[in-house]
Amino acid sequence: MKRFATAVIILLIAVGFAFAKDYTVMKKAGGYTVEVKLDKNPPITGPNKMEINIKDDKGVNVTDATVVVEYMMPAMPGMPAMNYKAKTELNGSRYLAKVNFSMSGAWAINIKITRAGKTQAVKLNVDVN
Ligand SMILES: [Cu+2]
C-alpha cells in the first residue's frame, strides 16, 4: 500500500510538470494585440519554441504579416553584445519561430510585425535559465 501511494505521488508530480504553464505574454502594438508564448517556462539556454498570435483591432487573426524576432543580450564583462534574428513561419493563426539563447541571463526580445509597409514592434524581456 505504501508503495502504491508513492507511485501515485510520483505520477501526480509528473502530471504537474507536463501541464506546467507556458511562458505567455500579451502586448499591444499599434492596433494589434500580440500574444507571445515560449514552450519553456522559464526559457532555457539553447533552443526554445516561440509562438506569436496577432489580432487586429477587431479581434481578427492577422495572417498576412512578415514577422521577425530579434533577440539580444547587451555587452557584459568578457562578452560583447549579442544580436540574433529568427524568421517566423505561419502555421494556422500562429507565427512560429525557434529562438536559441546562447547563454543564461536577461535577454531583450523585439518582435517586428510588418504589414502593408508599416512596422510595429513588440518588446519584451525574458530571464533565461
Ligand atoms: Cu551575456
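Leaving aside neighbours within four places in sequence, Ile111 is in contact with Val34, Val36, Ile52, Val67, Val69, Ala121 and Val122. Two residues are in contact if their C-beta atoms, placed from the backbone, lie within 7 Å. The model is a predicted one: local features need pLDDT of at least 70, side-chain atom pairs count only at pLDDT 80 or more, and totals for chains, interfaces and linings use all residues. Residues are numbered from 1 along each chain as its sequence is written.

Ile111 also belongs to the largest nonpolar core, which has 22 residues. A nonpolar core is a set of buried Ala, Val, Leu, Ile, Met, Phe, Trp, Tyr and Cys residues joined through C-beta atoms within 7 Å. A residue is buried if 20 or more other C-beta atoms lie within 10 Å of its own, exposed if 12 or fewer, and partly exposed in between; these C-beta atoms are placed from the backbone. Met50, Ile52, Val69, Trp107 and Ile111 have the most contacts inside the core. At least two core residues come from each of β2 (32-38), β3, β4, β7, β8 and β9. In soluble globular proteins, nonpolar side chains tend to be buried together. Across the protein chain of 129 residues, 19% are buried.

The protein chain holds 1 helix and 9 strands. Helices (H or I, at least four residues) and strands (E, at least two) are DSSP runs, numbered from the N terminus. The order from the N terminus is α-β-β-β-β-β-β-β-β-β. Among contacts between residues at least 6 apart in sequence, 49% join residues at least 24 apart.

Strand β8 (residues 105-115) pairs with strand β4 (residues 66-73) in the antiparallel sense, over 7 bridges. Two strands pair if DSSP finds at least two bridges between them. Here Ile111 of β8 stands opposite Val69. β8 also pairs with strand β9 (residues 118-128), again antiparallel, over 11 bridges. Lys112 has Ala121 of β9 as its bridge partner. The hairpin of β8 and β9 has 2 residues between the strands, and Ala116 in this hairpin takes a positive phi near 50 degrees.

An open sheet is formed by 5 strands in the order β1-β2-β3-β7-β6, with antiparallel pairing. β1 (23-29) and β6 (89-91) stand at the edges with a single partner strand each, so one side of each is left without a neighbour in the sheet. Within this sheet, strand β3 (residues 46-55) and strand β7 (residues 94-101) pair over 8 bridges. Asn53 has Arg94 of β7 as its bridge partner.
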